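Here are a few exercises on sheets and an interface, each with a worked solution. Have a go before reading on.

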Amino acid sequence: MSLLEIDNLSVDYRVGTGSLRAVDHVSLRIEAGEALGVVGESGCGKTSLGLSVPMLLPGNATISSGSIKLADHELVGMNEAQLNRLRWTAVAFVFQGAMNALNPVQRVDRQILEAISAHDSHAAKEESSQRVLELLDLVGIAPARAKSYPHEFSGGMRQRAMIAMALACRPSLLIADEPTTALDVISQAQILALLSSLRRSEDLSVLMISHDLSAIKRVCDRIVVMYAGVVVETGTTEQVLGRRGESALAAHPYTQALIGAHPDLRGERVLAPGLAGHPPDLSKPITGCRFADRCPSAMSVCREIVPPTVTISEGHTASCHLLKKVGA
Amino acid sequence: MSARYLTRKLATLVVTLYVTVSFNFLLFHVLPGSPIQLLARSGHYDPAARAQLIKLFGLNHPLLAQYFIYLRNMVHGDLGFSYVYRKPVTTVLGGAIGNTLLLVGTATLVTILVGVWLGVMAASRAHSLTDASITVTSLALWSMPDFFTGMILIFICGVWTHVLPISGLVTPGLVTGTWGHIVDVGRHLILPALTLTFVNAAEFSLISRNTLVDVMVEDYMLTARAKGLQRRTIVWRHALRNAMLPIVTATALYVGMILGGAIQVETVFSWPGMGLLIYNSVVQRDYPVLEGCFLLFAIAVIATNFISDLLYQVLDPRVRRT
């Protein structure tokens, strides 16, 4: 049994009079202790996917189909009280831009303490305060800074405090949504190193959402590539991005374009080609492959028939008509 | 809060007070109409008596000298002598200030509590029917003048149903014990306090609703929800605390508004406070009393702004100066 099992999940947003499907029949699994990265451009449904696990989608979003099982608890259809018991104890969240994810008028230690006492009303005050200091120490924040307000921290420190807070109730799953966005490169590297080491020391499973392939590569074992609400490719990090020094093995043209848009320091000096255009408008019906309009190798069949999911090797799948042709 | 910040704020306070006091003096000395004419309007004072009156009120000195006398007297707690009541202004004000404090204090307390509570109700059910009802009712009440709301209440509760007294502070001729007196004053207090509350609570409910709706979509609110906190904790501890700043600002501005409102409401309900005193003093051109009232109102507004500045320091760690 996997720790997290998402099956056929669809998330719809009410927009004006119509609706928009941000996540379309997505299935994925995370085993205990595993780190899974979800990559894709902005607006591909990554954040909606992440928020749907602890049922934190905004008010105009609904889960229209599918199931989310976390450690054998079915989360879809659970009431608020039940969810509140699982939030932070089973699944904790590190949000995009820790700049505003911490309450600006509350001291940092108080905010972490609040998470502990919300889930353990019997916790002794002394012990909990001690735990807060341990958590801060774990992420490299000195006890002397515990009583600071968020604005007295640098961006990197704030994100580390956020991670300390996320670990407060010893969750089995940590969802990190763009944890390094809006940080300088040094802080980014520190946060990624921290996440990689905490995964092991705290026995965490991680769902990391990012548009940054190199960030995902540093932390994750497996990758899910999302485009316009659907999973287009999935595989181990090595299967998709290739071993260090080797060229990438990505099978889907979108994944290849994402990798191509990212200049490689060690590789040949070429101008990153980038990827022109935008993801399609999801409020309108799309026939065939969603990437067809931007795909350099689009064929006529791509605009008519939804591509099948093809297994390339053990654990590595992609959805593209090209693959079928090659494989057949 | 640092001592330096406090000192600077106090210095600003003193300067503001001085300017207000000077302006207050100037205002009443450039207004047309001499008080002597007013006092002498009925009879034919002989020039000697007239000269004596001028001397009595210190009007024989040049304006600048009068200004310094005015300042000196004020420092000694002497606000002049009422033309109408023939008593020191401080005595006249002393009789009215308590009643106004009772009215305005009660109204303020209810206004803030009810207003903020309604705002929280509306914001936590944003864009629902509850929200729409609270917002529309607030807007309607906010746009009504105090005296008009007062007259409607007089009509409903006094003239129509006779459930509450509509005028004065106590029932004339009522002989009763201390407790009975408190109840009697309380009953008289309800309508004028309600009038002020109706108009001003609307402002607080709208401001707290709008600020809260903005705060609710902040990232840290999502964090609070993700932590599995209860809805009540999320709204009152995380949202309202952050929404307090505009509410504190509104309170500071509100004190000026409610004092202005008190003039209308006390007049409508014959509540013997400073508002009614101002109204009567304007009618009777009792300048020294008016000067005294204006001074007290100005002090109240300046003091509230000072307190709200200090509250900012307590509430928002980001504006704290070191």
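**Exercise 1.** Work out the strand order of the open sheet of 4 strands in chain A, and find its edge strands.

*Solution.* Start with the order: β2-β1-β4-β5 of chain A, with antiparallel pairing. Strands here are DSSP runs of E, at least two residues, numbered from the N terminus, and two of them pair if DSSP finds at least two bridges between them. Next, look for strands that pair on one side only: these are β2 (18-30) and β5 (73-74) of chain A. Now zoom in on β5(A): β4 (residues 61-70) of chain A pairs with it in the antiparallel sense over 2 bridges. Across from Glu74(A) in β5(A) you'll find Lys69(A).

This is a predicted model, where local features need pLDDT of at least 70 and side-chain atom pairs count only at pLDDT 80 or more, while totals for chains, interfaces and linings use all residues. Residues are numbered from 1 along each chain as its sequence is written, and chains are lettered from A and ligands numbered from 1 in the order in which they are written.

**Exercise 2.** Count the residues in contact between chains A and B.

*Solution.* Contact means C-beta atoms, placed from the backbone, within 7 Å. That gives 18 residues of chain B and 20 of chain A.

Definitions and conventions
Two residues are in contact if their C-beta atoms, placed from the backbone, lie within 7 Å.
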